[in-house]
Every structure is written in structure tokens, then in C-alpha cells.
Amino acid sequence: MLEVGRRKEAIEAFVGLVEDFNARKPADSASLTWAGAAGAYTGSAQQAIRILEMAQKADPQNARAFLEAGLLFARSYQSGDAERELKAALALTPSDPAALTALARVQFDCFRADEMKKTAAKALAADPGRYEARLLLARVMLQEEETETRARAELEAALAVNPRSPETLSLLAAQEYLAGSPAGFESTAARALAVDPTRAAAFQETAQILARARRRQEAEPLFRRALELDGEHVPSLKGLAKLLLDTGRESAGRRLLERATKLDPFLVPAVNLLKTLDVADEEMAWTGRGNLVFRYHPWRDAALQTRLPAFAEACMKTLGAAPGFSAGAMAVPTWVLIEVFPEHKWFSARLVGLPWNGPVGACEGNIVLLDPPRALGDEMGFKQVMQHELAHAFHLTATGARVPNWFTEGFATFEEATNRPYTWDRILARAHRVGALRTFDTLNQGFLSPRGPGDWMLAYIQAELALEHLVEKYGPQAPVRMLQAYAQGLKAQDAIRQALSVDPARLARDIEETWRREAAASTAPPAYEPEDLPVLQEIYKKTRSPADAAEVARALAQGGLVEHCERLLARILTRAPDCVPALVVAGELALRTGDAAGAVGHLRGAAKLAPDDALVAAQLARAELAHGEPARAEKLARSAARAGLRGPLAHETLAAVARAKQDRTLLEESLEALGRAKDGDVVCRVELARLAMARKDLRRAFEILEEAALVDPVDAGLNEALADAHTAAGNPGEARRGHRDALAAKILGGVDGTPPETSVLAIVEVTRSGDGPRAQGACDLLGLLSDPTSLAKLEELAAGAGAHVKLRAAIALGSRGSGDAVDGLIEGLGCSDCEREAIRALSELTARPEERSAEKWAGWRAAHRSADPAAWLEEAAGPLGYPLKGAAGKERLAVLVVALDDARWYIRTAALAELGRLTGRRFGTGAFGPEGDSEPGLGLARREALERWKIWLEEQ
């Protein structure tokens with residue numbers, strides 16, 4: 001009855017079961033199972049789970065009790081618990097098609113498509129009439145590009161079993177839409193509605209697939225049609241809410257999420273999204289430049305305030321100058337919002353509603369979401385990630401999001417224009433060894449449903465190599481011609497024919513040959529995945545080769561199975577003492593376990609047998625250094641570097657040797673090479689810059705540090721070095737900012753939420769250490785914090801610190817709209833370093849023209865002194881049409897909310913500060929910065945913040 005839309009009758013039946021259970025209170029497992037299953041639809045899910053647990057205890061062999069618990073957990077979005085219960089059911093009844101289908105659904109929801117396909121196949125083998133399993137297979141085909149036509153066969157087979165299944169009809173409607181048949185879509189959706197007139201999924205299924213493919217303009221009206229049928233359809237509410245968020249309509253999206261979570265409190269992704277929006281409101285600030293809007297954490301990532309706009313502008317210019325785009329032949333983004341989240345968990349929750357998703361950046365069309373720079377590894381730079389995601393914004397805009405995943409990911413990676421990471425060589429080597437390379441036809445699946453992190457990364461590598469092949473074979477214009485073909489709505493095969501004038505099958509063969517050639521050429525040690533061990537063992541069983549056995553040993557070592565690895569290596573080297581791969585693995589393992597002498601013994605043996613192997617030489621160099629033989633280590637590492645060995649190993653060894661010898665020339669050479677080998681390594685660049693500073697070459701030091709700032713702009717060591725370089729160059733203001741950003745990274749970088757009092761006191765300690773740039777930078781950082789302790793400490797410093805720190809504290813207070821800052825600002829006028837900022841702060845606080853004379857400001861203060869900070873706002877805003885004097889309660893709040901939309905920055909800032917003081921809320925913090933008047937892109941941020949305040953006021 002539930003399946004065909006007879007929900008009322010189904011619930012009545014469930015209620016009858018529950019009432020019968022309550023009247024009889026049976027203790028047998030079967031009755032408990034049915035009562036728990038019925039209770040899941042009529043009462044508390046927690047109570048239903050408790051009843052099902054009683055059923056399991058009453059009869060541990062009752063597979064149905066475990067199945068119903070698994071189904072209940074799955075409906076409650078608790079996939080881990082659901083999988084546990086379903087596997088327990090299958091342990092009792094391995095061929096139960098209902099349990100297999102339910103497990104397949106959980107795997108589908110967790111994006112494990114390969115596992116899901118196998119489980120669904122088992123369900124159909126056990127029961128060919130289990131059409132729900134066919135629907136899961138069809139869902140995957142509909143979501144994977146270019147496979148929607150194959151979905152039809154599964155859907156028609158499902159309809160043959162149950163011609164009145166509205167779920168099947170809804171998915172068939174989606175297939176008609178994706179196949180380009182609007183009439184077929186409408187007629188099939190009508191068939192679904194004839195079975196269930198309130199079947200919102202008749203439109204929601206198609207909308208969800210389109211939204212996932214970023215075709216949001218098409219998805220939105222379908223979501224709205226679904227909600228017209230059923231305004232409480234939770235999947236439609238959640239889907240439309242996410243779409244609105246991803247198109248910059250945050251307030252409207254939030255309202256739908258709140259409705260969805262009221263209807264379904266277990267909707268974990270929606271709950272997490274709401275938490276993320278709260279974090280963004282409470283902790284993140286806005287700034288803007290031109291058609292770019294930025295959102296970032298104001299104290300953890302303070303260094304981004306100036307660098308983020310510069311990075312993004314440079315990226316946009318580079319991408320916009322590409323052939324085809326620069327000529328105006330293709331559309332470019334008219335605006336872009338870039339959000340840098342304070343922690344990976346919030347970035348991940350904003351992206352998918354879960355805190356542990358793998359990516360570090362994402363593009364939702366005009367909105368780019370980024371991990372904080374500190375969360376990136378040492379092989380990836382911040383600007384590299386931003387360039388990649390902004391490239392997606394160009395591709396999606398130019399094509400209306402009608403571009404395959406493999407193409408846009410490969411093109412975006414190609415446009416990063418960075419050195420190929422050494423990790424890629426290791427992943428390619430692994431793919432070659434275990435046969436993991438995808439075919440051209442299955443490449444998209446590597447992005448949509450990867451088998452694991454390694455498979456996901458391999459998809460990026462293969463996609464980028466495919467783009468390299470296109471450019472090399474068909475010219476630099478080939479990718480743009482492909483985009484133009486996709487923009488016309490052509491399918492993959494037709495787009496290839498039109499853009500490249502080549503048969504798609506021929507192109508696929510050529511690209512696959514490129515992948516095989518590149519993978520076979522990799523000399524790096526493979527980076528194995530846990531699931532590779534059985535594959536490697538099978539390879540060895542067929543070949544009985546000691547070299548293949550050594551690869552099994554390498555996989556054991558990489559998996560942490562050290563004892564097993566040691567035993568296997570001993571057997572290999574007993575039978576084949578001249579097996580170079582086994583000697584190398586033995587040397588690596590010995591070095592990892594601290595046995596430098598053993599490592600040297602194994603690797604020297606390998607070097608004698610393979611004197612021309614640069615990788616063996618580099619590994620032996622590292623072992624010789626650990627064994628106390630720096631001269632040998634240097635010779636070997638230089639030999640490996642001259643041989644053109646890819647990767648950082650030889651250069652890291654040379655740098656270590658140079659430090660021990662205090663050989664500055666060798667150290668600079670090795671650090672330069674290391675920076676090229678590891679694009680994301682800030683530490684080596686900072687060390688290189690300090691060497692330049694030591695020889696008084698500030699120009700070179702600044703070049704290196706600015707390059708490092710593209711990798712991780714909020715790194716503590718980088719900003720400390722920048723501060724020292726600016727101090728040496730006589731730039732106290734820049735030095736102050738560098739110290740501020742370094743201190744933020746050191747003390748606050750890992751704090752979750754508002755900084756605790758201990759962090760504030762640590763900053764105050766630095767502030768009181770003297771009147772130099774370091775103390776002033778600490779004071780500036782204190783001014784960025786929202787912690788009440790920091791405000792109190794600022795007021796103390798503004799009243800009693802040294803002259804420079806006192807003025808910085810006053811400026812920080814003034815940036816919060818505090819009238820208490822006026823005295824300190826006036827008294828600090830005349831400071832050559834900070835006077836300009838002090839005058840600007842005074843002007844903004846008081847709504848007066850900028851005036852340099854301290855005497856005139858002092859006279860004005862004497863005439864207008866007030867003990868109430870809010871009086872400053874009344875005085876400034878009253879003549880401009882905001883009747884605050886005498887207003888109280890909601891009337892005052894309403895005036896302040898209206899003032900947030902004023903064109904004058906100081907009115908917006910003062911109104912925001914007063915609203916925060918009165919309400920304790922901080923919607924839109926940072927959205928009203930001094931650049932706002934001349935930066936139209938900030939309109940988006942300002943509108944959202946204003947809308948949030950209006951909603952809040954209405955709720956009160």
C-alpha cells in the first residue's frame with residue numbers, strides 16, 4: 001500500500017499491528033519483529049529499534065528482525081548501522097533477495113556503485129522478480145553520463161514485474177527526459193501520477209539527476225512541480241534547498257532545509273548543511289572585488305583578506321584569456337562567489353552534507369567551495385586548487401553544465417599548469433601493476449562512483465592525460481572546440497566527431513594507448529591500495545617470479561603488515577639473493593623501522609646489481625645519510641639528480657647533507673629543485689627565502705615568499721618570514737600584518753569555533769611584549785576575534801599600553817563600531833605608521849569628513865562626548881533619516897535592519913554592531929567592509945545578510 005501511494009491505509013494497518021502488540025504484549029520474536037517494523041511508521045524510531053533488538057535477543061536466528069532493523073536504520077540515514085544489521089541478516093539467510101536489495105540500496109546511497117551492482121546482481125539471481133534491484137541499477141545508469149539509454153532496459157524489465165510501480169514510472173520519466181523526449185517525460189510522469197496522484201517523485205527523480213549533473217536551470221522548475229503535488233515531500237525540499245544554496249540564494253535555501261528537518265529530524269545531510277550555514281553566519285566574513293565575492297574566516301585566515309582577491313583575479317584573467325574565451329566566442333561567468341571554510345569538515349558538509357568527504361575543492365557553477373589552505377597536502381598549492389575550480393566555473397558557464405565529468409576534470413587539471421606530482425607516478429605505477437586503469441568508456445565512473453581514494457585520484461590522472469593527448473594530437477584549440485560542441489547539447493560521440501573530426505572509437509583507442517604507455521613508463525614505487533594484495537598474490541601464483549613476490553612484500557609493508565613482509569622477503573632473498581626489487585623493498589623497510597645499517601646492506605647490494613638505476617641510487621643515498629655517511633649520500637644523490645630522477649627523494653637528501661655541511665650553495669640548489677618537485681611545499685621555499693635574506697638579497701627573498709604565498713597564504717612560517725623581510729625593507733605596516741597572520745596560524749589555526757580565553761591571553765602576552773610590529777600585529781589579531789575576552793583586553797590595551805599598541809587597539813575597536821575607540825584614535829594622531837588608518841576610523845565612526853588635525857578632533861570630542869556607544873550611531877544616523885532617538889524594542893531593531901542596506905559604509909557598520917550588541921546574533925558579519933561601496937559583487941553578500949536579519953526580525 002505504501003508503494004502505490006495508499007499511505008493512509010498503510011498507516012492504519014501499522015497502527016492496528018501496534019495496538020494489537022500493546023494489548024497482548026507478546027514476547028515471541030516474530031511478534032516483536034512485526035511490532036518494531038510497524039512502530040517505525042507510527043511512532044518513535046528509537047522505540048522501534050529497541051523492540052527489534054528485543055526480537056533479535058529472543059531469537060538470534062530470526063533474520064527478519066535484523067532485516068527490519070537494517071531497513072529502519074537506512075530510512076534514518078544511518079548507513080553504517082544499516083549495513084551492519086543487513087549483513088547480520090545475510091549471515092543467516094545469504095540468498096535473501098530482500099536483504100540483498102536493501103544492502104544494495106545502502107551501498108548506492110554511500111556512492112559505492114561497483115559494490116552495489118554486484119549485490120543487486122545477487123538479489124536478481126536469487127529472485128528475478130525483485131524489480132527494486134533493477135531500479136537501483138537503472139539509477140546508476142541514469143546518473144552516469146552516456147548510459148541513460150541502457151537504463152531503459154532495466155526499467156522496462158521492472159515494469160514487466162510491476163506495471164503499476166510509481167517509482168519505476170518516475171525513473172522511466174527521468175530516462176525519457178535525459179534521452180531528449182519532453183513529450184515522453186510528461187506522458188510517463190502522468191502515468192506515475194495516475195497510480196499515485198500525490199507522487200512528488202514523478203518530477204523529483206528527474207530534478208535530482210539534473211541537479212547532480214549541475215543542470216540546475218532545468219532542475220529547479222521540476223523540484224517546484226514536485227512540491228506543488230506534495231509540499232511536505234522531504235527529498236524535494238532538500239533537493240531544491242541545495243540547488244538554491246548552490247545558486248547563491250542562501251536564505252531561501254535555509255528556509256526549505258528548516259522545513260525538511262522539521263518533517264524528518266533524521267535527515268542528517270540537511271541538519272549538517274544547516275549547521276554549516278550557522279558556522280558561515282557566525283564565523284565567516286565577506287569581502288569583494290569587481291564581480292568576485294569572497295567568504296573566509298576573518299581571524300584564522302586573515303591573510304586571505306588581501307591575497308584571496310588577488311589570486312582569484314589572476315586566475316580569472318588567465319582563464320578568460322584562453323583561446324575561444326578571450327575572443328568572446330564562449331560565455332564566461334558574470335559573477336563568482338568563493339567560500340574558504342575554516343575546517344575540512346565544514347567544507348565537506350557544505351558540499352554533500354557529510355563531514356568526511358574526500359575533495360579539497362568544488363565548483364557548483366558560480367559558487368566555488370574550498371578547503372582552508374592548511375588542509376592541503378605538500379603536493380598541492382592553494383592557487384592551484386583555486387585555478388582548477390575556477391576553470392570549472394568557465395566550463396560549466398560556457399556549456400550550460402552540459403559537459404562530461406572526465407572532460408571538465410581533465411581540462412581543469414590541465415589548466416592548473418603545474419608540475420605533475422610525484423604521487424601521480426606512484427599511482428600510475430600501481431595501476432599498471434594491478435591492471436586498474438579504467439577504459440575510456442568507464443572513466444566518468446571514476447568520478448561518480450570511485451572504488452576508493454586511489455581510484456578517484458587515478459580518474460583525475462587519466463582525464464588530464466587525455467586532455468594532454470587532445471592538445472598534442474589536435475592542437476591547443478581542441479579542448480575549446482569540444483566545449484563548444486558540448487554547449488550545443490551534443491552527446492559525447494557526436495561532440496568528438498564535430499570538434500575533432502575523428503571516429504570516437506579511434507580516439508578512445510588512442511587515449512587508452514597513451515594511458516598504458518605513461519603507466520608502463522613510471523619508474524616510481526607503486527602506491528598500493530589495501531585491495532591490491534589479493535591481485536598481486538594472484539599475479540605471483542601465475543608467474544612465480546621473485547620480482548612479483550617482492551611487489552607482494554611491498555604491499556604488505558605499505559599495509560602495515562611488517563612481520564609478514566619480513567618473512568616473505570627472507571624467503572625471496574634466500575631463493576633469489578640477486579632480486580633487486582626484493583633488496584629495495586627490504587632496504588625501504590629497514591630504514592622505516594630504524595635499521596640504517598640493514599638498509600645500507602640491502603640497498604648497496606641492489607646498487608651493485610643495478611648501477612644505472614637512479615631510484616635505487618636515491619634510496620641508497622637516504623640510507624647512507626641515516627647511517628652517518630654524508631659524503632657517500634651526497635655522491636649518490638647527485639648521481640640520481642643528474643639522471644633526471646623524478647620526485648623529491650634525491651633533493652631532500654642533498655638538502656639534509658648541505659645543512660650538515662653548512663654548504664649554503666648546495667642547500668640553495670637543492671631547495672630550488674625541491675620546490676619544483678613538490679609544488680605544495682612551503683617549508684623549503686621559506687628556508688630558501690631566509691637564505692636570500694641572510695645574504696641581503698631582499699628582492700629575491702620577496703619573489704620566493706610571494707611564490708610560497710600561492711601555495712599556502714596562511715602558513716605561520718611563511719608569514720613570519722614575510723614580516724621579517726618587510727622589517728628589513730623598512731615596511732612596518734606590512735611587517736605588522738605578517739606578524740598578525742603568523743600569530744593567527746600558530747595560536748588559533750587549529751581551534752574549533754570561538755577562540756578560548758587561553759588563546760586570547762596568549763595573544764595579549766605577545767601584545768604586551770613591546771611596541772614593535774610583532775606586538776602591533778598581535779593587537780590587530782585581537783581586534784578580529786569575536787570572543788568577549790578579546791574585546792575586554794582590547795579596551796585595556798587602548799587605555800594603558802604603549803603608544804603604538806594603544807593606537808592599534810583603538811583602530812581595532814573602531815573597526816567594531818565602538819565609540820570607546822574615539823579617545824585612543826584622537827590621541828594617536830601623529831603616528832606616521834598608523835595615522836591614515838586612525839583618521840579613516842574616526843571618520844567612519846563619527847560620520848564626519850576626514851580631518852588630519854588632532855586639535856580639531858579634540859574640539860569635536862569635547863562638544864560631543866557621550867558615555868553610551870549607541871549614541872554615536874544615533875548622532876550619525878539621525879540626520880540621514882534613521883529615527884533611532886527614542887526608539888526601543890522592535891521599532892529600534894527594525895530601523896537598524898533597514899540601515900543595513902544604506903549606501904554609506906559607516907552607517908551599515910555601526911548598525912551591524914548595534915544589532916549584534918542588542919541581539920547577540922551576527923548575521924552577515926564582515927559583509928559590510930570599506931570596499932563595499934565600489935565593489936558591486938558584494939551585493940550578493942549584502943542581500944543575503946539583510947534577508948537573514950529580516951527573517952529573524954519577523955520571527956521575533
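Predicted model: local features only at pLDDT ≥ 70, side-chain atom pairs only at ≥ 80, totals over all residues.

**Helix pairs, then cavities**

I started with α21 and α23: Trp424, Ile427, Leu428 and Ala431 in α21 meet Gly454, Met457, Leu458, Ile461, Glu464 and Leu465 in α23. Contact here means heavy atoms within 4.5 Å, and helices are DSSP runs (H or I, at least four residues) numbered from the N terminus, with strands (E, at least two) treated likewise. By class I get 8 nonpolar, 1 polar and 1 charged for this contact; Ala, Val, Leu, Ile, Met, Phe, Trp, Tyr, Cys and Pro count as nonpolar, Asp, Glu, Lys and Arg as charged, and the others, Gly among them, as polar.

Residues are numbered from 1 along each chain as its sequence is written, and side-chain values use heavy atoms, with hydrogens and water left out.

Next, the geometry. The axes of α21 (residues 422-434) and α23 (residues 453-474) come within 10 Å and cross at roughly 100 degrees, the axes being lines fitted to C-alpha atoms over the stretch in contact, with angles from 0 to 180 degrees between N-to-C directions. The two are therefore roughly perpendicular (65 to 115 degrees; under 35 is roughly parallel, over 145 roughly antiparallel, the rest oblique).

Then I checked α28 (residues 546-558) against α29 (residues 562-575): they pack at about 165 degrees with axes 8 Å apart. That makes α28 roughly antiparallel to α29. On the α29 side the residues are His564, Cys565, Leu568, Leu569 and Ile572.

Last pair: α40 (residues 757-767) and α42 (residues 788-800) have axes that come within 9 Å and cross at roughly 20 degrees. So α40 and α42 are roughly parallel. Their contact has 4 nonpolar, 3 polar and 2 charged residues.

How many cavities of 30 Å³ or more are there? I count 4. A cavity is a set of points on a 1 Å grid over the protein atoms alone where a 1.4 Å probe fits but cannot get out, and lining residues have an atom within 4 Å of a point.

Terms used:
1 Å grid on protein atoms, 1.4 Å probe; cavity = no way out; pocket = protein on both sides within 12 Å on 5 of 7 lines; lining within 4 Å. Points joined across faces, edges and corners; volume = space filled by probe spheres on them.
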